[in-house]
Number of protein chains: 2
Amino acid sequence: MPKPDVATNQRAVRGSRTGRPIMALLDLLGRRWTLRIVWELRDAPLTSRALRIACDDASPTVIQARLSELREAGLVELLAGDGYRLTPLGRELMESFLPLHRFAERWSRRG
Amino acid sequence: MPKPDVATNQRAVRGSRTGRPIMALLDLLGRRWTLRIVWELRDAPLTSRALRIACDDASPTVIQARLSELREAGLVELLAGDGYRLTPLGRELMESFLPLHRFAERWSRRG
DNA sequence: CGGTACGCTACATTATTTGTAGCAATGCGC
DNA sequence: GCGCATTGCTACAAATAATGTAGCGTACCG
């Protein structure tokens, strides 16, 4: 039955067809390196190159693509001269993320 | 003929070598459809086919691959006759996830 | 038995990622 | 000015992953 129209609130965010924001967010964050980028920006701004290195030397192509998506999503911004940093909204995302960090610790101790 | 390697049925979870669990988790969840699958299983078990449909009709290839990864990660299990469901650990993940759901609502109302 | 649903796989086509190289623009010491 | 380093960002071929469709083998139910 899901045959709804796209009307993406964002460019080509997969899964946004339902109109439920969580779907758009899950799709955005479910792209390779996106979560990691947000995570690496949690403390301080990073230049695109520093970010690349922090992200296990991912290729600049993907990093740039993800940064564009994150900027469009209003989660990240480019500061003249200081590289990229999370916007206030991005910092909210980061905070919503902390429980996952704690979960990761528990998860790593699984049998 | 590339038969899946038995020891690591897929490449090692990226970042797991750093010893930082969050990296392994971010990598696991940052693969296409993984977040969505966990999300769709939040309420009730689903058969692999129902899950496929719930996930915007993603191809069975990826769904099966992700389910294997999630089972290996101890987050999802296959019930004889009832399809897939979150393990207790998977439910913990889901709960760690709820703040993100609330964030998605705020995010969708951004300017 | 026939029909249906399950988990799962094959495989060719298509899309995305990787890795390497490089560009134009800015800044800094000289 | 000049050379040199660093920035954000792009090109592009090769490698890898996802898609879409079909189908297998195994159950279950009539």
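## The nonpolar core

The largest nonpolar core has 57 residues. A nonpolar core here is a set of buried Ala, Val, Leu, Ile, Met, Phe, Trp, Tyr and Cys residues joined through C-beta atoms within 7 Å. A residue is buried if 20 or more other C-beta atoms lie within 10 Å of its own, exposed if 12 or fewer, and partly exposed in between, with C-beta atoms placed from the backbone. A:Leu25 and B:Leu25 have the most contacts inside this core. Helix H1 (residues 21-29) of chain A gives the largest share, 7 residues. Domain 1 (1-30) and domain 2 (32-108) of chain A both contribute, so the core lies between them. The domain bounds come from an automatic or database domain assignment.

A:Leu25 reaches into the other chain. Leaving aside neighbours within four places in sequence, A:Leu25 is in contact with B:Leu100, B:Ala104 and B:Trp107. Contact means that the C-beta atoms of two residues, placed from the backbone, lie within 7 Å.

## About the model

This is a predicted model: local features need pLDDT of at least 70, side-chain atom pairs count only at pLDDT 80 or more, and totals for chains, interfaces and linings use all residues. Residues are numbered from 1 along each chain as its sequence is written, while chains are lettered from A and ligands numbered from 1 in the order in which they are written.

## Chain A in outline

Chain A has 5 helices and 2 strands. From the N terminus on, they run α-α-α-α-β-β-α. Helices (H or I, at least four residues) and strands (E, at least two) are DSSP runs, numbered from the N terminus. Of the 111 residues in chain A, 37% are buried.

## Two copies, one axis

A rotation of 180° with 0.0 Å of shift along its axis superposes chain A on chain B, with an RMSD of 0.1 Å. That is the relation of a two-fold axis. In chain A, the C-alpha of A:Gly30 is nearest the axis, 2.3 Å from it. The same surface serves both copies: 94% of the contact residues of chain A recur in chain B. The superposition is by least squares on the C-alpha atoms of residues with pLDDT of at least 70 in both copies.

## Buried parts of chain B

Helix H1 (residues 21-29) of chain B is mostly covered, with 7 of its 9 residues buried. B:Ile22, B:Leu25 and B:Asp27 are among them. The cover includes helix H2 (34-40) and helix H5 (88-108) of chain A, together with helix H2 (34-40) and H4 of chain B.

B:Ser96 sits in helix H5 (residues 88-108) of chain B. B:Ser96 is buried, with 21 other C-beta atoms within 10 Å. Leaving aside neighbours within four places in sequence, B:Ser96 is in contact with A:Pro99, A:Leu100 and A:Phe103.

## The DNA strands

There are 18 residues around DNA strand C. A residue is near a strand if its C-beta atom, placed from the backbone, lies within 6 Å of it.
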